[in-house]
Each structure stands twice: as C-alpha cells, then as structure tokens.
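Please prepare a briefing on the structure shown below. Keep it plain and group the points by topic.

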Protein chains: 2
Amino acid sequence: MAKKQESATVNNSEARGSKDEHEFLAKYDVNKYERPSVTTDVVIFTVRDNDLKVLLVQRRDYPYKDMWAIPGGFVNMSESLEAGARRELEEETGVQDVYMEQLYTFGDPGRDPRTRVITVAYFALVEARQVRPLRAGSDAQDANWFSVYDLPPLAFDHAKVLDYALTRLRYKLEYTNVAFQLLPELFTLTELQRIYEIVFNRPLDKRNFRKKLPIRTLEQTPDPDKGYMIEETDEFKMEGSHRPARLHRFIDRVDRVVRGFI
Amino acid sequence: MAKKQESATVNNSEARGSKDEHEFLAKYDVNKYERPSVTTDVVIFTVRDNDLKVLLVQRRDYPYKDMWAIPGGFVNMSESLEAGARRELEEETGVQDVYMEQLYTFGDPGRDPRTRVITVAYFALVEARQVRPLRAGSDAQDANWFSVYDLPPLAFDHAKVLDYALTRLRYKLEYTNVAFQLLPELFTLTELQRIYEIVFNRPLDKRNFRKKLPIRTLEQTPDPDKGYMIEETDEFKMEGSHRPARLHRFIDRVDRVVRGFI
DNA sequence: AATCTTAGTGTAGAATAAACACTTATAAGC
DNA sequence: GCTTATAAGTGTTTATTCTACACTAAGATT
C-alpha cells in the first residue's frame with residue numbers, strides 16, 4: 001500500500017498544472033456553497049494534587065456567557081487544524097511540545113446558537129509543573145483547572161466533548177505509554193502507578209503493575225532491545241521519613257503503542 | 001459524570017434566552033471570520049469475491065480530473081456531519097441503515113488547490129449483496145469497487161485517508177463485532193472466518209477462531225445471557241459437493257465492544 | 001533503640017492463547 | 001451403489017498471561 005501511495009503522488013503532480021486545470025481553477029467560485037465556521041477546541045488534561053484536572057475557561061460573552069467551556073477558537077485559513085489547536089493550547093498554558101491528538105469532530109447544527117459551527121476537538125496531556133499560572137484570554141474572564149470528577153455546568157455540548165475525551169484518555173493509557181506525558185523526566189514507579197490510578201479512578205496492585213512494566217535495570221546485561229520502555233537510574237527520591245524510591249526514566253519520549261500495557 | 005451533564009443542560013437553558021443574549025446575538029456578525037469549506041467523505045468498504053473492496057469514484061472535473069477519489073461532498077448547513085456522510089453513502093450505493101463511524105478530520109491547508117477544504121472522513125461497512133449496481137454521480141464520470149490491496153493512484157490526500165480507514169477497520173474488527181455488517185443475516189462460520197481473514201490478510205486457525213465466538217447452540221439450555229453474540233439456526237447451507245454448513249445469526253444486530261473478540 | 005512510613009519483591013492457581021489432525025456429511029463420477 | 005473429492009466440524013495439550021496476596025528493606029523521627 002505504501003508503494004501505491006507513492007505512485008499516487010507522482011501521478012498527481014502530472015495531472016495537475018495542465019492548461020485545462022488552470023482555466024478551471026480560475027473560474028472556480030469559492031462562494032458557491034455557504035460555509036460553516038470551523039473551530040478547534042483542546043481538552044487539556046493534567047494530573048495534580050492526586051487528581052485528574054482539565055483546563056476550562058469562563059466565557060466573557062454570549063452565548064453561554066459566564067459559563068465554563070473548553071478552550072478553543074476559530075481556525076486560521078493558513079494554519080493546519082493541529083497548528084490551530086496547538087496555538088490555543090500554548091495561549092492557555094504557555095507550554096510547547098506537548099502530546100496532543102485529534103479526538104473527534106462535533107458538528108451538529110444548533111450546537112452553537114450563532115451559526116453553524118463545526119468543532120474539531122483535540123486532547124492534550126501536559127505535565128503539571130510545566131504549566132505557567134493561568135491567565136484569562138481575550139474571550140475568557142477566567143481560566144482554571146477543574147477535577148474531571150467535579151465539573152461545573154459546561155457551555156455548548158462541551159460536557160459531551162469532555163466525556164469523549166476522558167474515555168479516549170483512559171483508552172490510550174491502557175495500551176500506550178502516553179502516561180509519561182504527565183510525569184517529569186525522572187519519576188518513581190509509585191508516581192507512575194498513581195497516574196494510572198487517578199485516571200482510571202481505581203486502585204491497582206503494586207506488584208502486578210510493576211511486573212508489566214518493561215524496565216531495564218542497571219545491572220542487567222542490556223538484552224539487545226527486549227522492548228524496554230523504562231530504565232532505572234542510579235538516583236533516588238529522598239523525601240519523607242521512609243525508604244527512598246528509585247527514580248526511573250522513559251527510554252525514548254516517543255509515544256508508542258504497547259498492547260496491553262496495563 | 002452523567003449527572004454533571006444533566007445539570008449542565010438545565011443550566012444552559014437558564015443562561016440562554018436572556019434579554020442581553022438576544023441583543024448580543026442580533027449584533028453577531030457571521031462573516032467576521034473567513035471560513036473554510038467543509039466536506040464529508042465516506043470510505044465505503046465491502047467484502048466481495050474473497051477480497052476487501054473500497055468504493056471509489058472517478059472525478060469528472062478538476063482538480064485531479066479523471067483520477068479516482070473517495071466519494072464525498074459539501075456539508076449542507078442544516079444537516080449534521082453524519083447525515084451528510086449518510087447522504088453521500090446512499091447516493092453512491094443505494095443502501096440505508098449501514099454501519100458508519102467518524103474516522104478522522106483532514107484539514108491541512110493546500111490539500112485542495114481550490115480553497116481551504118476541511119474533510120470530515122467517515123468509514124462505512126456495507127453488505128455486498130445489498131449494494132445496487134454502481135452508477136456515476138453528478139461529479140463523477142464513473143464509480144467502481146477496488147481491492148484495497150490493488151488501488152489506483154488517488155486524488156487529493158485520499159491515499160492517506162484510505163490508509164487510515166483500513167487501519168481503523170482492522171482495529172475495529174479485532175475488538176468489536178462489526179464484522180456482521182459485512183455479512184447477510186444468515187451466514188456460516190466459515191464465511192465469518194473468511195471476513196476476518198480477508199480484512200487481516202492472513203489465515204486464521206479454524207478451531208481457535210470458533211472457540212472464541214460466543215455461540216448459543218440449539219440444544220444448550222439458554223444460560224441467562226452468558227454473553228452470547230451468535231446463535232445457531234436449524235438451517236444449513238447446501239452448496240457444493242461437501243458437508244453442508246450450519247447457518248448462524250447475530251443475536252442482536254447492534255455493534256458491541258467485545259474485548260479481544262478475535 | 002524503637003517506631004513509623006513507603007519501597008520493593010515472588011509464587012501458586014486460574015484463565016487464556018496457541019498449536020495441531022482426524023472424522024463427518026454431502027455431491028459427483030464411475 | 002461404491003469410490004472420491006471437498007469443505008464442515010470437533011478436543012486436547014502446552015505455553016503464556018493474569019490475578020490474588022504478605023512480608024522484608026531502608027531511611028526519618030522520636
């Protein structure tokens with residue numbers, strides 16, 4: 001199939017650029033069809049204070065004035081959908097290079113009373129410590145983190161969007177290693193387990209949890225990549241009056257699919 | 001969370017309808033932002049002649065005139081995205097009530113040379129026998145089924161869309177029972193297995209395959225729903241010079257998630 | 001030295017997955 | 001009507017994975 005795609009590309013550039021085509025495109029009327037507005041919204045998750053939080057903004061204007069909403073905005077004509085979503089994300093949190101993926105596109109007529117609005121929703125995972133203090137944006141009078149388990153009433157169909165995002169997040173955590181997006185570079189295994197417990201909202205067995213993690217230990221003769229995803233470091237977290245916990249690191253900070261990771 | 005959503009709905013209707021809001025909406029300028037075009041495309045799969053096929057249309061006009069493309073069209077302002085996709089699907093195939101789900105939204109600038117086009121892609125599964133003979137639509141000079149393993153060069157970024165759809169289809173088959181969408185009401189277990197083999201493009205073990213299927217047999221005392229998904233019928237397919245195969249039926253033709261179905 | 005707290009570790013039994021070959025029922029050919 | 005050809009149908013053994021479960025270790029505080 002990869003081969004087919006290549007040949008398609010070659011063929012495309014042959015087909016385009018002909019005289020006929022130029023004439024056709026010159027005549028093409030971009031206003032032939034009435035167009036909906038397109039926005040990107042970003043469901044931004046973080047884990048903080050032993051809780052799964054989502055970033056919401058309080059609307060300054062109608063419709064749904066004063067209500068809380070998922071941050072988002074109109075797509076610029078020249079930027080990709082993902083770039084638009086990243087722009088929103090950075091405006092709100094100040095962080096760059098975070099994990100983001102497209103979630104779903106919501107486009108029912110009537111979901112915005114002003115006009116037909118189609119919203120391409122994304123979800124993002126940010127590490128709590130990287131986020132700068134929140135400030136209100138141009139269209140928001142306030143911005144704040146809310147526990148996903150204790151949400152205010154939301155504007156538009158955003159309760160549905162958030163529900164969808166939470167389902168997807170759990171799903172992703174189950175079979176990929178995106179959890180590391182929610183942790184600093186060095187972390188203890190207990191901290192990693194807490195991420196899973198908070199997101200899934202249920203306790204996990206410590207021994208079973210650790211057994212599933214593909215950890216490269218320090219002594220171990222480094223088996224020619226036996227699928228390790230986490231490596232021990234020689235550092236420890238000395239904190240609290242108890243045995244120190246060894247710090248670990250994700251080997252490559254690239255999200256990878258791992259079947260039945262947890 | 002469900003509870004929160006309800007309260008959100010109640011609160012919304014309170015917040016809306018105020019005098020302030022009506023004034024605001026009256027002033028709202030729907031042309032404030034330049035808007036992209038939005039289309040829905042539908043990747044329509046079927047299994048026929050021992051092969052996984054996808055429906056493509058040959059473009060009548062520029063851009064990409066004469067090339068093959070995934071069927072689709074502009075979204076009407078008053079219809080939902082899914083309704084638009086279903087309309088396209090029905091125009092092409094004549095079938096209704098088929099399985100369809102949103103796939104992904106493609107919106108890179110430049111993917112259509114005419115203007116910014118954002119495409120919400122869907123994928124659909126149709127039973128081969130229900131599809132009427134294909135006919136070209138208004139913007140297509142031809143329509144045809146192609147093996148996904150032997151595709152022509154495709155217009156726009158449709159090779160990418162199709163690739164994405166195929167990945168999703170395989171994924172769905174693995175952990176849901178959507179396969180029945182590709183079969184008639186009554187089917188043999190070998191036919192069901194063939195669907196999986198064709199989509200995954202690899203042979204499966206007959207005995208292991210059958211063991212995983214939650215089948216309610218005829219004699220069996222009907223265990224108060226032990227998760228049966230398929231039931232035996234007392235009919236057989238008498239065809240070919242060999243032992244007849246028992247016909248089966250999906251118990252409820254509703255798509256359901258079944259972890260590790262195959 | 002005793003106490004408190006979290007870190008860290010193994011095993012046995014159950015469930016699931018994978019590999020593998022022969023018998024059965026019909027139609028066709030003789 | 002006997003033989004042959006073809007796909008249908010069916011169990012067991014082994015390896016792997018999942019689950020439940022409890023004690024020792026290391027440091028801080030008193």
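In which sense, left-handed or right-handed, does α4(A) pass α5(A)? The crossing of α4(A) and α5(A) is left-handed, where left-handed means that the near helix is turned anticlockwise from the far one by less than a right angle, and right-handed means clockwise. This is a predicted model, in which local features need pLDDT of at least 70 and side-chain atom pairs count only at pLDDT 80 or more, while totals for chains, interfaces and linings use all residues. Residues are numbered from 1 along each chain as its sequence is written, and chains are lettered from A and ligands numbered from 1 in the order in which they are written.

**Chain A overall**

- Chain A has six helices and 11 strands; helices (H or I, at least four residues) and strands (E, at least two) are DSSP runs, numbered from the N terminus.
- Of its 262 residues, 31% count as buried. A residue is buried if 20 or more other C-beta atoms lie within 10 Å of its own, exposed if 12 or fewer, and partly exposed in between, with C-beta atoms placed from the backbone.
- Among contacts in chain A between residues at least 6 apart in sequence, 64% join residues at least 24 apart. Two residues are in contact if their C-beta atoms, placed from the backbone, lie within 7 Å.

**Helix packing**

- Helix α4 (residues 158-175) of chain A packs against α5(A) at an angle of about 145°, and the axes are 10 Å apart. Axes are lines fitted to C-alpha atoms, for helices over the stretch in contact, and angles run from 0 to 180 degrees between N-to-C directions.
- From α4(A), A:Leu169, A:Arg170 and A:Leu173 meet A:Tyr196, A:Val199 and A:Phe200 of α5(A).
- The contact of α4(A) with α5(A) has five nonpolar, no polar and one charged residues. Ala, Val, Leu, Ile, Met, Phe, Trp, Tyr, Cys and Pro count as nonpolar, Asp, Glu, Lys and Arg as charged, and the others, Gly among them, as polar.
- In chain B, helix α4 (residues 158-175) and α5(B) pack at about 145° with axes 10 Å apart, and their crossing is left-handed.
- That contact in chain B is made by B:Leu169, B:Arg170 and B:Leu173 of α4(B) with B:Tyr196, B:Val199 and B:Phe200 of α5(B).

**Surfaces near the DNA strands**

- DNA strand C is surrounded by 22 residues, the closest being A:Arg207, A:His242, A:Arg246, B:Ser241 and B:Arg243. A residue is near a molecule or strand if its C-beta atom, placed from the backbone, lies within 6 Å of it.
- Two or more residues of the surface near DNA strand C come from each of α5 (189-200), α6 and β11 (245-250) of chain A and α6 of chain B.
- The surface near DNA strand C has four nonpolar, nine polar and nine charged residues.
- DNA strand D is surrounded by 22 residues, and the closest are A:Ser241, A:Arg243, B:Thr190, B:Arg207 and B:His242.
- For the surface near DNA strand D, at least two residues each are supplied by α6 (206-212) of chain A and by α5 (189-200), α6 (206-212) and β11 (245-250) of chain B.
- The surface near DNA strand D divides into four nonpolar, nine polar and nine charged residues.

**A mixed sheet in chain B**

- Four strands of chain B form an open sheet in the order β8-β11-β10-β9, with mixed pairing. Two strands pair if DSSP finds at least two bridges between them.
- The edge strands are β8 (187-188) and β9 of chain B, each of which pairs on one side only.
- β8(B) runs antiparallel to β11(B), joined by two bridges, and B:Phe187 stands opposite B:His248 in β11(B).
- β10(B) and β11(B) are antiparallel over five bridges, with B:Lys237 opposite B:Ala245 in β11(B).
- Strand β9 (residues 215-216) and strand β10 (residues 230-237) of chain B run parallel and share two bridges; B:Ile215 has B:Ile230 as its bridge partner in β10(B).

**Backbone exceptions**

- Most residues other than glycine have a negative phi, and most peptide bonds are trans.
- A cis peptide bond joins A:Tyr62 and A:Pro63, with omega about -5°; A:Pro63 lies in the loop between β2 (51-59) and β3 (68-69) of chain A.
- In chain B, B:Tyr62 and B:Pro63 are joined by a cis peptide bond with omega about -5°.
- A:Asp49, in the loop between β1 (37-48) and β2 of chain A, has a positive phi near 50°. A:Asp49 is exposed, with 9 other C-beta atoms within 10 Å.
- B:Tyr64, in the loop between β2 and β3 of chain B, has a positive phi of about 60°. B:Tyr64 is buried, with 22 other C-beta atoms within 10 Å.
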